[in-house]
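Thanks for coming, everyone. Let's walk through one structure together. Have a look at it first.

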Amino acid sequence: MAQTSNEGRRPPVGSRQAEVLAAVSDRGTVRVTELAAELGVTPVTVRRAVSELADAGLVRRVHGGATAVGPRLSGRTSGPAGATVGMLVPSLDYYWPDVARGAEEEAKRLGLRVTLRGSVYQAPDERVDLQRLIDAGADGLLIAPTLDGAGGDLMREWLADAPVPVVLMERTASVGSVQRTVESVITDHGDGTAMAVHHLVGLGHRLVGVALSQDSPHAPRLHTDWLAACAEHGLDPASVVDWRIPDRREPGFDPAIDAIIDDVVATGTTALLVHSDPEAIRLIQRAEERGLRVPGDLSIVSYDDQVAAMSAPALTAVRPPRRTIGRTAVGLLAARMADAGRPVHRVMVSPTLMVRDSSGPPRV
């Protein structure tokens, strides 16, 4: 039997532990029941061997089996332990740092290494960034790519024949001639939007509008979910504020904020769901400058919760599960690298509604 990285504590050649260790080292991860059937022994026997190997530091126990902690016997990096995860995100200063931190936490727990690259929203072609991650040694990828327009077509083409396992974060895609589903983990925005609207309706609001950042890739989904939530509660979306807000760096941003306040007054809208925090904070400031009370005259719920608690008044906000997205994505990728034949998983994680001071009953 070949040497392992912990040869001083290696079980004797020919022992049951050695057979289990050889399987784990060769495959990266094994399941107790499958290995027991393969070896012609009971699951209890394999489980006992796994426990003894784990106590010796030669494998790591996981639910239902064991995973490697060191190099494979072949000399290659164990999968998933010891592998490198390449991560491509569209921003390194907003939303995605928390996702990356969650990914790093889970990767460390699993013995993986994360390499991070930043792209830009609506990048024309991100395949070069992905290839650089692979060239740098990535054994699998966590990505949040552009999937709209020509860039999206190029990305789907690449995903159809990706050379390494891939998990999408906050994105979903079907690729290839048979429209194969790509593994993904996303926030359940429908659930988050429904919670926000339900909260406002519970406070007595019947005129619940929406104002979304037009540059956010989530804006179309949030708008669809807002319409669905209005329909569920019998609200009329045509009679309230419904705006897309320009980028904060554009000259049209402040005029748009004023126009939204004008619309609030003209339509009698008493509550707004706003994406994201900076837009919501500016709307509060401008509303108060123009004599509207928040809450009272206008309740605001932000869909973001990056800096919502720092606002005055503190913003009620829907908090996407950013760290959980990163942790879950790493877990999916590790499982895929350990078992290429496992079924494709599409995971949805519910956000949380953080109730603070910017929402209250409408003024009678």
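Start with a term. A nonpolar core is a set of buried Ala, Val, Leu, Ile, Met, Phe, Trp, Tyr and Cys residues, joined through side-chain atoms within 4.5 Å. Buried means under 20% relative accessible area. Keep in mind that this is a predicted model.

Now the core itself. The largest one has 25 residues. Which residues have the most contacts inside it? They are M87, L112, L142 and M169. Next, the elements. Those giving two or more residues to this core are β4 (84-89), α4 (96-110), β7 (166-169) and α11 (322-338). The largest share, seven residues, is from α11.

Take L142. Leaving out residues up to four places away in sequence, L142 touches V85, G86, M87, L88, A103, V167, M169, A329, V330 and L333.

On to a sheet. It is open, with three strands in the order β1-β3-β2, paired antiparallel. Why is one side of β1 and of β2 left without a neighbour in the sheet? Because β1 (29-31) and β2 (59-62) stand at the edges, each with a single partner strand. Neighbouring strands here are turned by 25° against each other on average, direction ignored.

Look at β1 and β3 (residues 65-68). Three bridges join them. V30 stands opposite A66 in β3.

Last, two helices. Helix α2 (residues 32-39) lies across β1 and β3, at about 75° to β1. Helix α3 (residues 43-55) lies across β2 and β3, at about 125° to β2.

Note on methods. Residues are numbered from 1 along each chain as its sequence is written. This is a predicted model: local features need pLDDT of at least 70, side-chain atom pairs count only at pLDDT 80 or more; totals for chains, interfaces and linings use all residues. Side-chain values use heavy atoms; hydrogens and water are left out. Buried means under 20% relative accessible area, exposed over 50%, partly exposed in between (1.4 Å probe, protein chains only). Helices (H or I, at least four residues) and strands (E, at least two) are DSSP runs, numbered from the N terminus. Contact means heavy atoms within 4.5 Å. Two strands pair if DSSP finds at least two bridges between them. Axes are lines fitted to C-alpha atoms, for helices over the stretch in contact, and angles run from 0 to 180 degrees between N-to-C directions.
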